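Welcome, and thanks for taking a look at this one with us.

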Amino acid sequence: MSVTLDIRLKRANKVYHEEESVAGVVLLVCKEALQHHGITLHMEGLVNLQLSSKSVGVFEAFYNSVKPIQLISSNVEVAKAGKIPAGKTEIPFEFPLSTKGNKVLYETYHGVFVNIQYTLRCDMKRPLLAKDLSRNCEFIVHSQPQKAKVVPTPVNFTITPATLQNTRERSLLPKFLVRGHLDATSCVISRPLSGELVVENSEVPIKSIELQLVRVETCGCAEGYARDATEIQNIQIAEGDVCHGLPIPIYMVFPRLFTCPTLETTNFKVEFEVNVVIVLHDDHLITENFPLKLCRV
């Protein structure tokens, strides 16, 4: 007997804030009447922490601190044991999105070593020989906007061989001068990162100029921390040997789900950085790093 089970949320964008209600319907479609032993709905918010391979075994104490952190959990019985008629059946539900005690609902975030996820799971128990049905649905939580106003403070930068760190033979480096600015490093997550860059001169032709967004995830406890930086996205803003003295716009939209407001808790941290990367024709890589502070207003 074919039966489909689905969870439909009222909001098309599936975005909710703390203290709001998550409402929708459990949708059942079956060709003939269906016996069941009860339908339940479970809402859960979890922070999953994972250790990178380089950190495993370094700190024994990590194993206790990387257990999933439960932010919210609630169960409701949608329908008692009985029969579902043939055709389409919709059962409405509503969950308040509020935490117990002093827990905070962090914003949904899909990272590499830190994952903050909110899900609804619907389970339908069925008689002996029929297989139980289960359906998952993720919804997105946005953190409350901060009260304080974000005042953008432009950050100017100059890149020359003298400003570079981590170089062994500074005298062997080709001569170059790149100036520019970022409009702000305290960024509103819903607005793009912007600025401009000017190549004043370069002895070696330039191959490419890129903008790299990096997540820095820290997991740990009092005994020690594992800090890992991984790339989220890389945007090429210039190709080939660009005209000298020409302003090149810097523009990057923060991707949804893969970024969240900068977060710092006792067990984990999620921070963001942007790298301006200049690739020269002799494959020298010149990188200028800027820590970012993301917030929601």
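A residue counts as buried when its relative accessible area is under 20%, as exposed when that value is over 50%, and as partly exposed in between. Please keep in mind that this is a predicted model. With that cut-off at hand, Glu273 is buried, because its relative accessible area is 16%.

**The open sheet**

- The sheet is open and built from 4 strands, which run in the order β12-β13-β15-β18 with antiparallel pairing.
- At its edges stand β12 (155-159) and β18 (247-252); each has a single partner strand, so one side of each has no neighbour in the sheet.
- From one strand to the next, the twist averages 20°.
- As background, strands of a sheet pair through backbone hydrogen bonds, in either a parallel or an antiparallel manner.
- The edge strand β18 pairs with β15 (residues 193-202) in the antiparallel sense, over 6 bridges.
- Within this pairing you can look for Gly195, which stands opposite Ile250 in β18.

**Salt bridges across the structure**

- How many salt bridges does a search of the whole structure find? The search gives 9, and the next points walk through some of them.
- Arg11 forms a salt bridge with Glu20, and their closest N and O atoms are 2.8 Å apart.
- Both partners are partly exposed: Arg11 has a relative accessible area of 31%, and Glu20 has one of 24%.
- Asp6, Arg8 and Arg135 are joined in a network of salt bridges.

**Salt bridges between distant parts of the chain**

- Arg179 forms a salt bridge with Glu200, with 3.6 Å between the closest N and O atoms.
- This pair links distant parts of the chain, since Arg179 lies in strand β13 (residues 176-182) and Glu200 in strand β15, 21 residues apart.
- Both of those strands belong to the open sheet described above.
- Arg179 is partly exposed at 40% relative accessible area, and Glu200 is partly exposed as well, at 32% relative accessibility.
- Glu273 forms a salt bridge with Arg227, and here the closest N and O atoms are 3.7 Å apart.
- That pair also links distant parts of the chain: Glu273 sits in strand β20 (residues 268-280) and Arg227 in strand β17 (residues 224-239), 46 residues apart.
- Is Glu273 buried or exposed? Its relative accessible area of 16% falls under the 20% cut-off, so Glu273 counts as buried.

How values were computed: Residues numbered from 1 in each chain as written. Predicted model: local features only at pLDDT ≥ 70, side-chain atom pairs only at ≥ 80, totals over all residues. Heavy atoms only, no water. Pairing = 2+ DSSP bridges. Helix = DSSP H or I, 4+ residues; strand = E, 2+ residues; numbered from the N terminus. Axes fitted to C-alpha atoms, helices over the stretch in contact; angles between N-to-C directions. Salt bridge = Lys/Arg side-chain N within 4 Å of Asp/Glu carboxyl O. Buried < 20%, exposed > 50% of the residue type's maximum accessible area, 1.4 Å probe, protein only.
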